[in-house]
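This briefing concerns the structure shown below.

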Amino acid sequence: MAFEPPQRLVRALGETAPAGDDWLARLPGTAERAVARRELTVERIQVPGGRSSLVVLVRRADGTPAVLKLAPPRARPESERAALAHWGGRGAVHLLEADAEEGVLLLERLHPDVSVRSLPEAKALLEAAGTLRRLWVEPPAGHSFETVAERTGRQAGAMRAGALAEPGTAPLVEAALTAREELLAAPPEHRLLHGTFRQSKVLAGERMPWLAVGPDPVVGESAFDLARLVRDRVEDLIATPSGASITRRRIKRLADSLEVDLERLRGWTLFRAVESGVRALRVGRDKDAELLLEFAGWL
């Protein structure tokens, strides 16, 4: 079978690829070796798939369905492997096998075309929040996961550069950076977090109704993780005349249901929305940037 990466993956990796990176060119060979080494039968490549990895639906030698995931080093597959191993299938997809050197993960097969996002909005938020709660555990002793302070520190530098290139974003960037400094001054907890949690990252399963996939794990406070969920379906929020008030109610509902401080959730939601908006501008996704920065202005 030809392991042709979906165009969504090609575009996304093209936005972030460092000079000279040839991971996509090597991907077909990497996939062929991973399949042969594990005696897998390939069913199909998941399309449109993700933005940071190739996802292949396979069957193991005994006929068990599974998912083969191949990711470049910059997607931190070793970090994902470590987080999935620590969760042990509690709230997240079960890790079957991993090869950190090749960036290969073999995972439990969920229902790849059925995410929480397919549910009505209120139900989707409820199920997603319940899944997220199960992931917030103490990180393993001696872990090497990136911290929220480290990750957002890198992002803060890019945001400052973005504000210089796009002066119109400067007030929002300044507000977001100020919020970050205040939030990092006294974090209330340090938990292992999913890192990139949203409705589309929660898939239907057999062991449990809903399980999380695709973490980019980080260690920090729960409000940071929950902040990305706040802006889910942002295009619908922007299209609604009452979008700002809906967003404020959503923040309160999620903060209350998961026992997270409302103002800390609002602050991290602001930071993450502005960071995503500035990044979208930098790579030419102007429509996405417009939505995200308008959303951030409500906060």
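In this predicted model, 5 strands form an open sheet with antiparallel pairing, in the order E1-E2-E3-E5-E4. Its edges are strand E1 (41-45) and strand E4 (95-99), each of which pairs on one side only. On average, neighbouring strands of the sheet are turned by 25 degrees against each other, direction ignored.

**Sheet pairing and the packed helix**

**Crossing of H4 and H9**

- Two packed helices are described by the angle between their axes and the distance between the axes.
- For helix H4 (residues 121-135) and helix H9 (residues 243-257), the axes come within 11 Å and cross at roughly 35 degrees.
- This crossing of H4 and H9 is right-handed.
- On the H4 side, the contact is made by Glu121, Leu125, Ala129 and Arg133; H9 contributes Arg250, Arg253, Leu254 and Ser257.
- Classified by residue type, the contact of H4 with H9 has 4 charged, 3 nonpolar and 1 polar residues.

**Nonpolar cores**

- The largest nonpolar core has 66 residues, of which Leu226, Leu254, Leu265, Trp268 and Val274 touch the most other members.
- Helix H10 (residues 262-282) gives the most to this core, with 7 residues.
- Leaving aside residues up to four places away in sequence, Leu226 touches Leu132, Trp136, Leu254, Ala255, Leu258, Val260 and Leu265.
- A second, separate core of 18 residues includes Leu13, Leu40, Val56 and Val104.

- Ala83 lies in helix H3 (residues 77-87).
- Is Ala83 buried or exposed? Ala83 is buried, because its relative accessible area is 0%, and the cut-off for buried is under 20%.
- Not counting residues up to four places away in sequence, Ala83 touches Phe145, Leu192 and Pro217.
- Asp216 is 133 residues from Ala83 along the chain, yet the C-alpha atoms of the two are separated by 8.7 Å.

Terms used. Residues are numbered from 1 along each chain as its sequence is written. This is a predicted model: local features need pLDDT of at least 70, side-chain atom pairs count only at pLDDT 80 or more; totals for chains, interfaces and linings use all residues. Side-chain values use heavy atoms; hydrogens and water are left out. Two strands pair if DSSP finds at least two bridges between them. Helices (H or I, at least four residues) and strands (E, at least two) are DSSP runs, numbered from the N terminus. Axes are lines fitted to C-alpha atoms, for helices over the stretch in contact, and angles run from 0 to 180 degrees between N-to-C directions. A crossing is left-handed if the near helix is turned anticlockwise from the far one by less than a right angle, and right-handed if clockwise. Contact means heavy atoms within 4.5 Å. Ala, Val, Leu, Ile, Met, Phe, Trp, Tyr, Cys and Pro count as nonpolar, Asp, Glu, Lys and Arg as charged, and the others, Gly among them, as polar. A nonpolar core is a set of buried Ala, Val, Leu, Ile, Met, Phe, Trp, Tyr and Cys residues joined through side-chain atoms within 4.5 Å. Buried means under 20% relative accessible area, exposed over 50%, partly exposed in between (1.4 Å probe, protein chains only).
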